[in-house]
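Dear colleague,

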Amino acid sequence: MTDALIETHGLTKTYGSFGALNGLDLGVMSGEIYGLLGPNGAGKTTTLRITAGLIEPTKGKVTVSGFDATKDPLHAKAQIGYVAEIPILYESLTPRELLGFEASVRGLAKDSMNRRVRQLAEAFEVTSAFDTPIATLSMGTKQKVAIIAALLHQPPVLLLDEPLNSLDARSSRILKELLSLHVQRGGAVLFSTHVMEIAQRLCSRIGIIFRGKIVAEGDLNQLRARAGEKDATLEEVFMKLTNEASEVENTVRTLRESFFDDEDR
Amino acid sequence: MKTADAWRLSAIPYSEMAFKSILQNSSNMWWGSFGRGSSEASGQEDLVRRALRIARFDKLVITVFVIAAAGAPFLPQAMGASYGISASVTLSLAVSFALIVLYGVQTLSSFVTSGPSPVLSTLPLMQEDVSLINLLSFVRTSDYLVVGSVACQVFFVSILTSSILSGLFMLLAGAVNSVMGVGVALWLSSVFYRNIMGSKQGKRGGALRLALLLAWGVVVLGIGVLFAGAGYLIPLVQSVLASPDRLTGSILSLVYPFSLGIGVGSIAHGFAPTLVEKFALGAMVVYFLIAVAVSKWSTSSVASFPENASGATRSERTHDASVALHGPVTAYALKDLRAASSNLTSAFLLTLPAFETLIILLMRAFLPTLGTSTVLVAMTLGGMVSLIMPLVLVSTEGTGFDFAKTMPLRMRTIVSSKALITTAVFLPAVAIVYLESLLAKPLTSPFSIMIPLASILAVAAASTLEVRLFLGFAPRGRATFALQEFARMAAGGGVVLLPATIYAVSYIFTFNHAFATGAMFAAASAEMLAVTEFVRHS
């Protein structure tokens, strides 16, 4: 018996002949922020969407708090708060209507839920937009509404897909604090990003995903050891482990030559 | 920039605008739903594909429909009917005006909320060139419709009157009519999407939305009445125009689009206009001037959209962040209703069964009593029309459906909520039949009073089945997607038709209304039970 709140075993997702995930195994423990780090198209979003129950895996298994996400989706989803990379919300509703809808469907208790909504809305400064259709809000405000929706029912598991992308500095700071509090209370966070600094500062453990597989995981020191680069930054470790260092160098060289050629002309 | 170059370039912002308008109002994508797999119903990629498909074919399909509708009022004369041409021209102008408005509102939503193409403003183009491209993109929204309908009207008038001058007057009347139609569509879109969608939802916004919906309903009901009653309307209008009662004729000659119809008709008679025709020709000049003003307003509005659009929304501050709670089914139904009422097209579909029933009753207005067959036909057709709602409600989900999918929601909660809305949408039709029987006409059989109740059960069963089929089962075989989607709607239609058929067959064999009504009730109840079991176990 493990205390992992999220576990995936041999997770595979194919679209035709393209393999988005190729037998991905990972575990996120209680009290842990796990950063899923990888280039575009590596399979980060697919992993999160399968875990959230939005798509089904072609093969393999995901459990959330012990519930099989495919066989017992209702119980699994009750444990999850999910923030997508591009906020997925009913855009013709106002934040008030959307959060009321979510709270009703989840069967939350009115008083405590309303207290939480008010606190979160004030913290993320969205109270003034509560009666404005979501379609007309800025991307940052939509992101804040999506974050409030994910936190509303105080789920033990948070799945966050690049959640800091559109947030201002204040809201980013608040979210990071909330995540720390969340894991201190025994929750787990699976966090996808391609920003090295965020992963380095926020995550207790990092999994490097490349071509649909975890190629390395651990804290920064473990990853450095794996890459054989003692004082390397996470970016350098990442490049080494994904074999992208030489390819990036070649690309930069080509671009440089191309730009110089243009200037000559 | 040359106008020809601007015209060529305007094709790209126009396509983008049409695509965005359709994507923005996913409930408008209900007909594009055919041919998609339910398993990927909410996927962004699927929605984009559907929107592209609709954007590509929508204008073409609507143009064919508009040309047919504009030409239909001339057919009786083409087939030898003896009355004058004024009524046909009037009817043709009314229908094409309403259809241009209907289509324009759907296409212009993205135009009025974000401008035709914000990208244009970032390119090194002169502001005048950007404005010209914007204007031509706007022209493209209805170019086929306008050219097609006006050409059709000019063709028929020229042929039927054998007068080139009449044809030229028809060209002028058609141009005035089209400019007015496009102007009204632009105004309606601006008011609805900018002032209502873009601001705080308050009582004022709600009242305005209701007023717009009613105005919209009148337009659509008008089209329905024009189509349903064309055969009666043309001779009726023509007899009013030909009657010696000068007052009625004079009033009609000033009313749009009668004045245009009478004006065009007067030219066909030669150069000796009657007093009524003189009034109509005078009114035609006034409407021409109004059309010029509308055209200037539309042009200046469109040219300034890039600047206006960015400030299209205004948010009003609120200080209370509390939310209201409901049961899951009610919450889901409320969410669907809010989403569906946020655009004119889907909002009006909510009232369509009532309008359909009203049209059927109007068509039988000449009968002194409300016969069982009328009640049965009105309820069955009203029920069938209601069954468009499941597809609209499923389409309205759009990309937001992913939000619902992350929640611990049972399939039957979603199915029940959408079936509840569909059944509720049918209820006003039932109320209209009861009101007609109570206030205007007695029922021929007292047992007919039970028919609407059995129909409610049948509609509830049919909508439950249809929603479940749309949400839950992916069609197999890409080539037959569309057929399978139609089959799902047909399954719902069959559930509504079956109790009515059982009533008819029972009555034919027994001549007993009580027995036939009982059989209909039993059939509808059995359907409801069977569908409930199916949803529970599937």
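In which crossing, left-handed or right-handed, does helix 19 of chain B pass helix 23 of chain B? The crossing is right-handed, where right-handed says that the near helix is turned clockwise from the far one by less than a right angle, and left-handed that it is turned anticlockwise.

Before going further, please note that this is a predicted model, in which local features need pLDDT of at least 70 and side-chain atom pairs count only at pLDDT 80 or more, while totals for chains, interfaces and linings use all residues. Residues are numbered from 1 along each chain as its sequence is written, and chains are lettered from A and ligands numbered from 1 in the order in which they are written.

**The helix pair in chain B**

Helix 19 (residues 372-386) and helix 23 (residues 451-472) of chain B pack with their axes 10 Å apart and at an angle of about 20 degrees; helices here are DSSP runs of H or I with at least four residues, and strands are runs of E with at least two. The two helices of chain B are therefore roughly parallel to each other, a term for angles under 35 degrees. From helix 19 of chain B, B:V375, B:L376, B:M379, B:T380, B:G383 and B:S386 meet residues of helix 23 of chain B that include B:I451, B:P452 and B:S455, contact being C-beta atoms, placed from the backbone, within 7 Å. The residues of this contact divide into seven nonpolar, five polar and no charged (nonpolar: Ala, Val, Leu, Ile, Met, Phe, Trp, Tyr, Cys and Pro; charged: Asp, Glu, Lys and Arg; polar: the others, Gly among them).

**Where the chains touch**

Between the chains, 34 residues of chain B are in contact with 39 residues of chain A. Helix 16 of chain B gives the most to the side of chain B that touches chain A, with six residues, and that side has 13 nonpolar, 13 polar and eight charged residues.

**Chain A**

Chain A has ten helices and ten strands, and its C-alpha trace spans about 65 × 55 × 40 Å along its principal axes. Buried residues (20 or more other C-beta atoms within 10 Å of their own, placed from the backbone) make up 48% of the 265 residues in chain A. Helix 1 (residues 44-51) of chain A is mostly covered, with eight of its eight residues buried, among them A:K44 and A:R49. Just after helix 1 of chain A, A:G53 takes a positive phi of about 85 degrees.

With best wishes

Terms used. Axes fitted to C-alpha atoms, helices over the stretch in contact; angles between N-to-C directions. Parallel < 35°, antiparallel > 145°, perpendicular 65-115°, else oblique. Contact = placed C-beta atoms within 7 Å. Buried ≥ 20, exposed ≤ 12 C-beta atoms within 10 Å, placed from the backbone.
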